[in-house]
Amino acid sequence: MSVIVTLTTLPTRIVQDYDHGIRSCLMSLIEQVCDKPYEIHFNVPWKYKHTGEDFIIPEWVTQLTVDYPHFHIFRTPDFGPVTKLVPTLGRVDEMDAIIIVCDDDLVYHSDMVAEHI
């Protein structure tokens with residue numbers, strides 16, 4: 001049984017590089033205290049459908065995939081708010097997978113994934 005944490009972001013949020021921005025959110029998900037392995041699926045569209053703006057992934061976000069092998073970036077079309085879930089559902093083929101949908105503007109308690117399981 002897979003455990004997947006999934007989320008997306010906005011072009012303006014992904015470029016925010018300060019302690020209480022998206023970095024805090026991502027790190028709170030990456031550093032979960034959980035006995036069961038889990039993955040993070042960060043669904044990042046190529047273009048923001050409302051403005052046509054490109055999503056630029058900063059180097060520090062890309063580096064997270066190297067430093068934390070359970071953190072994955074997936075480029076995808078923009079489906080609006082459901083981009084946090086729809087592309088992940090397309091990748092997961094296990095019927096018993098646990099999928100935890102998160103927002104990019106929150107910092108999560110360190111036991112959140114374990115509590116969901």
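In this predicted model, phenylalanine 79 is partly exposed, because its relative accessible area of 39% falls between the limits of 20% for buried and 50% for exposed residues. The residue is located in the loop that runs between strand 3 (71-76) and helix 4 (86-91). Together with Val82 and Val86, Phe79 makes up a nonpolar patch on the surface, and the accessible area of these residues taken together is about 230 Å².

A search of the whole structure for salt bridges returns four. One of them pairs aspartate 104 with arginine 13, and the closest N and O atoms of this pair are 2.6 Å apart. Aspartate 104 belongs to the loop between strand 4 (98-101) and helix 5, whereas arginine 13 belongs to helix 1 (residues 11-14), so the contact ties together parts that are 91 residues apart in sequence. The two partners fall into separate accessibility classes: aspartate 104 is buried, with a relative accessible area of 7%, while arginine 13, at 26% relative accessibility, counts as partly exposed.

Arginine 13 also takes part in a salt bridge with the side chain of aspartate 105, with an N to O distance of 3.8 Å. This pair likewise links distant parts of the chain, since aspartate 105 is in the loop between strand 4 and helix 5 and arginine 13 is in helix 1, 92 residues apart. A further salt bridge is formed where the side chains of aspartate 103 and lysine 84 meet, at 2.5 Å from N to O. Here the connection is between two loops, with aspartate 103 in the one between strand 4 and helix 5 and lysine 84 in the one between strand 3 and helix 4, and the two residues are 19 residues apart. Aspartate 103 counts as partly exposed, at 31% relative accessibility. Through salt bridges that share partners, Arg13, Asp104 and Asp105 are joined into one network.

The loop between strand 4 and helix 5 also holds serine 110, which is partly exposed with a relative accessible area of 32%. Although serine 110 and isoleucine 30 are separated by 80 residues in sequence, the distance between their C-alpha atoms is 9.3 Å. Isoleucine 117 and valine 3 are 114 residues apart in sequence, yet in space they are 8.0 Å apart, C-alpha to C-alpha.

The largest pocket of the model contains about 220 Å³ of space. Its lining consists of 16 residues, and those that lie nearest the centre of the pocket are Thr8, Thr9, Leu10, Gly80 and Pro81. By residue class, the lining of the largest pocket is divided into six nonpolar, five polar and five charged residues.

How values were computed:
Residues numbered from 1 in each chain as written. Predicted model: local features only at pLDDT ≥ 70, side-chain atom pairs only at ≥ 80, totals over all residues. Heavy atoms only, no water. 1 Å grid on protein atoms, 1.4 Å probe; cavity = no way out; pocket = protein on both sides within 12 Å on 5 of 7 lines; lining within 4 Å. Points joined across faces, edges and corners; volume = space filled by probe spheres on them. Nonpolar A, V, L, I, M, F, W, Y, C, P; charged D, E, K, R; others polar. Patch = residues over 30% accessible without salt bridge, like charges linked within 9 Å, V, L, I, M, F, W, Y side chains within 5 Å. Areas by Shrake-Rupley, 256 points an atom, 1.4 Å probe, with all protein chains shown as cover. Helix = DSSP H or I, 4+ residues; strand = E, 2+ residues; numbered from the N terminus. Buried < 20%, exposed > 50% of the residue type's maximum accessible area, 1.4 Å probe, protein only.
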